[in-house]
Amino acid sequence: MRRRLLALVCVSATLLSGCGMLPGSEPERRTVTVWVMQHSASQEYLDRFTEEFEREHTDIDLDVRVQEWTGIGEKVQRALETDEPDGPDVIEVGNTQVATYAEGDGLLDLTLESMRDWGREDWLPGLAEPGQWGSQQYGIPWYAANRVVIYRKDLFREAGVTAPPETRDEWLTLTEKLDTGDGQGIYLAGQDWYTLAGFIWEEGGELATNRDGVWRGTLDSPQALRGMDFYRRLQALGDGPVDADEEHPPQAGVFADGRVAQIVAVPGVARAILKQNPALEGKLGYFPVPGRKAGTAGSVFTGGSDLVVPANTDVRDAAIEVVAALTGERWNTDLARTMNYVPNKASLAGAVAGEEGVAAMAAGAAQGRATPGTPQWSEVEADNPIKEYMTKVLRGADPATEARRAAGRITEALAFD
């Protein structure tokens, strides 16, 4: 047991020298092991951060270890449940995964630091909210990514569209104008439920709500039904399959191969588009998913990562110093510029204003949300009733009837024990 061994060593040393604090001795060096996910940060960034952090914290060594996403859930759970000597002290986790790890008391409560030192009230809600369990903050926002509209500037010009839309109504109008002849106004797969979630949130609805500790699916609320109706109207202005999601086939390939005016995707998808069709270089533009009102981007699902500290760390204070540095303004904006991410606070969006796609993403992130904050949400996604509901509605079934059925299945999944 790492913590127990440290305590025994310290007690023994105290009898002789005050736990190593001999007169004139240097502070004991501590090693903080940090797990970051593959491709989350460049090796150059990690090397630069390590060098600077160790120079500024002369009593702390960093051991940064890059992890693969495959199988990471089980690996993190093992690390939280066992006190292995080389276990992690700081872990990058997906923002929607925090509740799963916090539920078993495996994470350190960082509420005090969040409120007192780190400006919790300014964090992007799509990262901050899923980082909570109950009223406590366990996950500290690191970076965000979310969907924007990628569009063909040349096709917009051909259709006489001179500027991106500012509202959802304008978006529908111009998309209908673009949906002519052999062109598609938008390619939107019928089961792109993350995009639907944004439309539901924009209407004031929810995928599920928690009342007195009981979760219930709410796709049948009037607000959620309005979100689905907007999705239906938009999806009809293209040839997206009603019975598949955005990866079947990959929408980047569809966009690259035809006269598709728009898709809803993270800006990084543009790289795949240009790889398949280099002739589109310079012809791609980006704008935030429009909201109901001009001047405010629409709600979107926010993905990204939070940093957590295992409760069994034996270098608590040093681990918190690492989290503070990585999520603080200096290194957070550096990461955003390096990797084309959205910083963890809306006030830092200026750091990526020079990149059109990332700037559009940052505007949307300010209205970002995450899936319901319960560990059981993974049960919903495992056999996703939202996708089936969407397909049925797009094929002409009664939305209210299908919404009640899907909401009931969500309620059952969230009650999974």
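Figure 1. Gly 357 is buried, its relative accessible area being 7%, where buried means under 20% relative accessible area, exposed means over 50%, and partly exposed covers the values in between (1.4 Å probe, protein chains only). Gly 357 belongs to helix 15, residues 356–365; helices (H or I, at least four residues) and strands (E, at least two) are DSSP runs numbered from the N terminus. Once residues up to four places away in sequence are set aside, Gly 357 touches Val 148, Pro 267 and Tyr 286, a contact being defined by heavy atoms within 4.5 Å. The model is predicted, with local features requiring pLDDT of at least 70 and side-chain atom pairs counted only at pLDDT 80 or more, while totals for chains, interfaces and linings use all residues. Residues are numbered from 1 along each chain as its sequence is written, and side-chain values use heavy atoms, leaving out hydrogens and water.

**Figure 2. The protein as a whole.** The protein contains 18 helices and 13 strands, and its C-alpha trace spans about 85 × 45 × 35 Å along the principal axes. Its radius of gyration of 24 Å agrees with the value near 22 Å that a compact globule of 417 residues would have; the radius is taken over C-alpha atoms, and the globule rule is 2.2 Å times the number of residues to the power 0.38. Buried residues make up 52% of the 417 residues, and of the contacts with a separation of 6 or more, 77% are between residues 24 or more positions apart. The protein exposes about 19100 Å², of which carbon and sulfur atoms supply 49%, the areas coming from the Shrake-Rupley method with a 1.4 Å probe.

**Figure 3. The largest nonpolar core and the residues around Leu 219.** A nonpolar core is a set of buried Ala, Val, Leu, Ile, Met, Phe, Trp, Tyr and Cys residues joined through side-chain atoms within 4.5 Å. The largest such core has 47 residues, and those with the most contacts inside it are Trp 171, Leu 219 and Trp 377. Beyond its neighbours within four places in sequence, Leu 219 is in contact with residues including Ile 200, Leu 207, Leu 225, Ile 386, Tyr 389 and Ile 410. A second, separate core of 32 residues includes Trp 123, Trp 142, Ala 318 and Ala 319.

**Figure 4. Helix 17 and the helices packed against it.** Seven of the 10 residues of helix 17 (residues 385–394) are buried, so this helix is largely enclosed by the rest of the structure. The buried residues of helix 17 are Pro 385, Ile 386, Tyr 389, Met 390, Thr 391, Val 393 and Leu 394, and they pack against helix 9 (193–202), helix 10 (222–235), helix 16 (377–382) and helix 18 (399–414). Asn 384 is placed in the loop between helix 16 and helix 17, and with 11% relative accessibility Asn 384 counts as buried. The C-alpha atoms of Asn 384 and Thr 218, which are 166 residues apart along the chain, are separated by 14 Å.

**Figure 5. Glu 203 and its contacts.** Glu 203 lies in the loop between helix 9 and strand 8, and at 11% relative accessibility Glu 203 counts as buried. Leaving out residues up to four places away in sequence, Glu 203 touches Arg 168, Gln 223, Arg 226, Gly 227 and Arg 292. Leu 124, 79 residues from Glu 203 in sequence, is 20 Å from it in space, C-alpha to C-alpha.

Figure 6. The peptide bond from His 248 to Pro 249 is cis, with omega near 0°, and Pro 249 is placed in the loop between helix 10 and helix 11 (251–257). His 39, in the loop between strand 1 (30–37) and helix 2 (43–56), has phi near 75°, a positive value in a residue other than glycine, and counts as exposed at 63% relative accessibility. Asp 212, in the loop between strand 8 (208–211) and strand 9 (214–217), has phi near 55°, likewise a positive value in a residue other than glycine, and Asp 212 counts as exposed at 76% relative accessibility.
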